[in-house]
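Thanks for coming, everyone. Let me put the model up, and then we will walk through it.

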Amino acid sequence: MESPLGLCIGEPTNREVEFVSSKRVQLGDYVEVDFEGERVLAFVKEVRRVSRALSTDLEPEELEKLRRLTGSSSFFRGKLSVLGNPERRMELPRTPPEPGAYIYPARTETLQRVFGRDDGTKIHIGHLLTRPDVNVYLDIDSIVSRHLAILAITGGGKSNTASVILQELLEKGGTVLVFDMHGEYVNFDLKVNGAPVVNSIRLTLNPLRLSYGEFRLFANVDDSAYIQDRYLRKAFKEVIEEHLKGEVEAGEFWGALLAKLKSWAEDENYKEDRKSITGVINKVEDMIEVYSELFDLYQSPIVEQIEFGRLNVIDLSHVDERIADIVVSHVLRGVLEARKRSVRGEEGGLRFPLLTVLEEAHILASSTVNTKSRYWISRIAREGRKFGLGLCLITQRPKALDSNALSQANNMIILRLVEPGDQRHVQQASESLSSDLVEQLPSLNVGEALVMGKMIPIPALVKVKIATAKRGGNDISAVKEWKKLMEEREKLSSEYEDFLSFGD
Ligand SMILES: Nc1ncnc2c1ncn2[C@@H]1O[C@H](COP(=O)(O)OP(=O)(O)OP(=O)(O)O)[C@@H](O)[C@H]1O
Ligand SMILES: [Mg+2]
């Protein structure tokens, strides 16, 4: 018969139980509580070490039971969050346990059963922080349909966590689209079925496929400059229409656009607006020059370049945030529309579900700045589920992340997070995050995470494994780099001396 760890005290409920224990109890560990003959799993959410002499509020029977369990003068006292009965699909018991009921260490086999195994639908993310022998698996379907937020301070291990998830997802035949803000994923070193997995999508936009709203941003025409806006809109729409009718070739787009504007500038009927029209012409000419490398009139839609079973990467490290915003919004709009078409059985859609990954999500899904991508990010956050379109939002500034998008992320991996403002923001967005759990976040080490949501049966503190697929953007060791250069130099100078002493 296994020996109990401690016992329930006070006034337990079916959700929360206070306990005392004679043996070492770790925060975030799991125990089993005796609920009238049934073993129910519970999570240690609070624990202190207390002295026997000071525990005057315990009942005499409780103290007596505790004395029988331990002879030491101090013991552990804390709170458990009741998770449910593993034999009954984690159903919560209806009645509270009896005060004085024993608690036991959770059995490894029970935890292994709860946290799953690789059955082809799951991702192995790491192991329980307190139990290295219990592997933790995440459900892939839940990630894609209910989205995922990965949050931590800088260097907390976000990108590594994302890499672990992407690697396993790709090895299982998944398709991913990454908006690569720092050029970290273009070199993702992974082969699937013997072939490199990265499909690097060339960052060019076809002006003919932009919405007017997107096009206007490149031209730097503000919507407060309403006369300029009116003429640019009219010219753009007319040329696109003529193009669709086959009257204007793709290659003639700029010429046709400028010709139209110039004809209006000379038109007596528009005499009063002449200055504004000339202003628009200048702006369009600037736009053609500044973005000559970004624009490609023959480019097929980015959505058509997304390949099945690959890590599709759009490298945004060379463009500024304004352009990144237009690109991301343009692509997200495209994939959402394409998935909708496919689900409805129409031609030309995107035939496979897709997980989109956005690093630095607080810039494009900002809580304060009204970016164009924010709109499409929230649309996908809300509707993506029905179309097999998942979002993975990664940020080191959760506070600055749009709370709409964050609250739609039903799954969260929160690594070390120290700023109270960040913690509050995350807690507000997620009902299941208790303040006790939030209090753990500053004390996590790199790679240690609180994992919760639909993708995992019960919340857990996890040690995330190190991704084997290397990507760029890891911390640079200055000492190592210096040493390397120093050695190269020494080698050179010794070769030089050898050369000088040659023939001595
Ligand atoms: N699970 C882990 N176990 C051990 N070390 C880790 C783990 N995750 C990350 N690290 C270490 O921490 C460093 C930073 O990790 P990572 O790049 O994933 O952090 P990040 O949160 O993405 O940082 P940034 O905010 O700069 O993007 C890595 O170079 C690695 O050495
Ligand atoms: Mg990172």
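Start at Ala42. Leaving out residues up to four places away in sequence, Ala42 touches Val17, Tyr30, Val31, Val33, Leu80, Ser81, Val82 and Leu83. Contact here means C-beta atoms, placed from the backbone, within 7 Å.

A word on what you are looking at. This is a predicted model, where local features need pLDDT of at least 70, side-chain atom pairs count only at pLDDT 80 or more, and totals for chains, interfaces and linings use all residues. Residues are numbered from 1 along each chain as its sequence is written, while chains are lettered from A and ligands numbered from 1 in the order in which they are written.

Back to Ala42. Together with Leu393 and Ile414, Ala42 has the most contacts inside the largest nonpolar core, which has 123 residues. A nonpolar core is a set of buried Ala, Val, Leu, Ile, Met, Phe, Trp, Tyr and Cys residues, joined through C-beta atoms within 7 Å. Buried means 20 or more other C-beta atoms within 10 Å of the residue's own; exposed means 12 or fewer; partly exposed is in between. Which element gives this core its largest share? Helix α9 does, with nine residues. Helices are DSSP runs of H or I, at least four residues; strands are runs of E, at least two; both are numbered from the N terminus.

Where does the core lie? Domain 1 (6-114) and domain 2 (135-204 + 299-464) both give residues to it, so the core lies between them. A second, separate core has 17 residues, including Val221, Ile240, Val280 and Val284.

Now the domains. There are three in the division: domain 1 (6-114), domain 2 (135-204 + 299-464) and domain 3 (207-290). The bounds come from an automatic or database domain assignment. The C-alpha centres of domain 2 and domain 3 are 36 Å apart. Six residues of domain 2 contact five residues of domain 3. On the domain 2 side, helix α9 (residues 321-343) gives the largest share, four residues. By class, that side has two nonpolar, two polar and two charged residues. For those classes, Ala, Val, Leu, Ile, Met, Phe, Trp, Tyr, Cys and Pro count as nonpolar, Asp, Glu, Lys and Arg as charged, and the others, Gly among them, as polar.

Next, the ligand. Around ligand 1 there are 15 residues, and Gly157, Lys158, Ser159, Asn160 and Gly447 come nearest. Near means a C-beta atom, placed from the backbone, within 6 Å of the molecule. Helix α4 (residues 158-171) gives the shell its largest share, three residues. The shell divides into four nonpolar, nine polar and two charged residues.

Overall shape. The chain has 15 helices and 19 strands. The C-alpha atoms fill a box of roughly 100 × 85 × 45 Å along the principal axes. Buried residues make up 41% of the 504. Take contacts with a separation of 6 or more: 71% of them join residues 24 or more positions apart.

Two backbone points. Most residues other than glycine have a negative phi. Glu36 has a positive one, near 45°. Glu36 sits in the loop between β3 (30-35) and β4 (38-51). With 14 other C-beta atoms within 10 Å, Met90 is partly exposed.

Last, two more residues. Ala219 lies in helix α5 (residues 212-219). Ala219 has 20 other C-beta atoms within 10 Å, so it counts as buried. Beyond four places in sequence, Ala219 touches Leu232, Lys283, Val284 and Met287. Phe308 is in the loop between α8 (274-290) and β14 (311-315). Phe308 is partly exposed, with 13 C-beta neighbours inside 10 Å. Again beyond four places in sequence, Phe308 touches Thr175 and Phe352.

Definitions and conventions: Two residues are in contact if their C-beta atoms, placed from the backbone, lie within 7 Å.
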